[in-house]
Amino acid sequence: MSKPASAPEPRCPICRKPSVEAHAPFCSAACRDRDLLAWLDERYVVPGKALNEDEG
Ligand SMILES: [Zn+2]
């Protein structure tokens, strides 16, 4: 009897499905985009700045 000595399958960090090589470490382009958008969203947050300037 031989145990399969393979590394644990990589999983998509977004939805936990098995990742696809073409989109690694994600399972699809959709999840990759989602992660990218979330990352950009965080960058766009500007703490302490209010949109309260005089409107002319
Ligand atoms: Zn996914």
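Me: Why is S19 called buried in this predicted model?
Reply: The relative accessibility of S19 is 19%, and buried means under 20%; S19 therefore counts as buried. S19 is placed in the segment before α1. Apart from neighbours within four places in sequence, its contacts are P10, R11, C12, P25, F26 and C27.

Me: What makes C12, C15, C27 and C31 donors of the zinc ion?
Reply: The SG atoms of these residues lie 2.3 Å from the zinc ion. A donor must be an N, O or S atom within 2.8 Å of such a metal, so the four SG atoms qualify. Along the sequence, the donor residues follow the spacing C-x2-C-x11-C-x3-C. C15 belongs to the segment before α1 (29-44) and C31 to helix α1, so this pair ties together parts 16 residues apart in sequence.

Me: Why is the arrangement around the zinc ion called tetrahedral?
Reply: The 4 donor atoms subtend angles of 100 to 119°. The term requires all angles to lie between 85 and 135 degrees, so the arrangement is tetrahedral. For four tetrahedral donors the ideal angle is 109.5 degrees.

Me: How many disulfides does the structure hold?
Reply: The number of disulfides is 0.

Technical notes: Residues are numbered from 1 along each chain as its sequence is written. This is a predicted model: local features need pLDDT of at least 70, side-chain atom pairs count only at pLDDT 80 or more; totals for chains, interfaces and linings use all residues. Side-chain values use heavy atoms; hydrogens and water are left out. Donors are N, O and S atoms within 2.8 Å of the metal (3.2 Å for Na, K and Ca); water is not among the atoms, so sites may look incomplete. Four donors count as tetrahedral if all angles lie between 85 and 135 degrees; four count as square planar and six as octahedral if opposite donors are over 155 degrees apart and all others between 65 and 115; anything else is irregular. Helices (H or I, at least four residues) and strands (E, at least two) are DSSP runs, numbered from the N terminus. Buried means under 20% relative accessible area, exposed over 50%, partly exposed in between (1.4 Å probe, protein chains only). Contact means heavy atoms within 4.5 Å. A disulfide is a pair of cysteine sulfur atoms within 2.5 Å.
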